[in-house]
Amino acid sequence: MRIGSYTSGTMPALISLASNKLRLKKGLPLQVWDTEGKYVLLCPYFDEYGHGNSYQEALDDLCLSIEGYYFSLKKRQRKLGKYMAEIWKRMQESLEEIGT
């Protein structure tokens, strides 16, 4: 299915979180699906997704989700299991806090 300039399942890049707390250091690939009029965007690098009634809603949801995930992992970083510790490492490599 076609989504804007992307075909469902292709890999556009996330280049901004539109956040006043975090900034991306590099673009991250996304997978995009249009399922029965609902959009799902997956960021495989963080194993995180967003969804919405439009591509923009799904993108906004994904950005909020990544931001929340980052600060949740940061708060618990000394208690993370192996998988979550790897995600936290990826986030530290790819994201930076604004104003810190």
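This is a predicted model: local features need pLDDT of at least 70, side-chain atom pairs count only at pLDDT 80 or more; totals for chains, interfaces and linings use all residues.
## Serine 19 and its contacts

The backbone nitrogen of leucine 22 lies 3.0 Å from a polar atom of the serine 19 side chain. Serine 19 belongs to the loop between strand S3 (13–14) and strand S4 (22–24).

With a relative accessible area of 16%, serine 19 is buried, since the cut-off for buried is under 20%. Leaving aside residues up to four places away in sequence, serine 19 touches Glu67 and Ile98. Its C-alpha atom is 8.0 Å from that of leucine 64, a residue 45 places away along the chain. Leucine 64 sits in helix H1 (residues 55–75). In contrast to the buried serine 19, leucine 64 has 60% relative accessibility and counts as exposed.

## The three-stranded sheet

Three strands form an open sheet in the order S6-S7-S8, and their pairing is antiparallel. Strand S6 (31–35) and strand S8 are the edge strands; each has a single partner, so one side of each has no neighbour in the sheet. From one strand to the next, the twist averages 15 degrees. Strands of a sheet pair through backbone hydrogen bonds, in either a parallel or an antiparallel sense.

Strand S7 (residues 38–43) pairs with S8 over 5 bridges, in the antiparallel sense. Valine 40 is opposite histidine 51 of S8, and leucine 42 has tyrosine 49 of S8 as its bridge partner. Helix H1 lies across S6, S7 and S8, and runs at about 145 degrees to S8.

## Loops with positive phi

Most residues other than glycine have a negative phi. Glutamate 36 has a positive phi, near 55 degrees. This glutamate is in the loop between S6 and S7 and, at 80% relative accessibility, counts as exposed.

Aspartate 47 also has a positive phi near 55 degrees, and is not a glycine. Aspartate 47 is in the loop between S7 and S8, and the hairpin of these two strands has 4 residues between the strands. With a relative accessible area of 43%, aspartate 47 is partly exposed.

## Cysteines

A search of the whole structure finds 0 disulfides. For cysteine 43, the closest cysteine sulfur is that of cysteine 63, at 9.4 Å, which is too far for a bond; a disulfide requires the two sulfur atoms to be within 2.5 Å. Cysteine 63 is likewise in no disulfide, and its nearest cysteine sulfur is that of cysteine 43.

Cysteine 43 counts as buried, at 0% relative accessibility. Cysteine 63 is buried too, with a relative accessible area of 8%.

Conventions:
Residues are numbered from 1 along each chain as its sequence is written. Side-chain values use heavy atoms; hydrogens and water are left out. Two strands pair if DSSP finds at least two bridges between them. Buried means under 20% relative accessible area, exposed over 50%, partly exposed in between (1.4 Å probe, protein chains only). A polar contact is a pair of N or O atoms within 3.5 Å; within protein, one must be able to donate a hydrogen and the other to accept it, and residues adjacent in sequence count only if both atoms are side-chain atoms. Contact means heavy atoms within 4.5 Å. Axes are lines fitted to C-alpha atoms, for helices over the stretch in contact, and angles run from 0 to 180 degrees between N-to-C directions.
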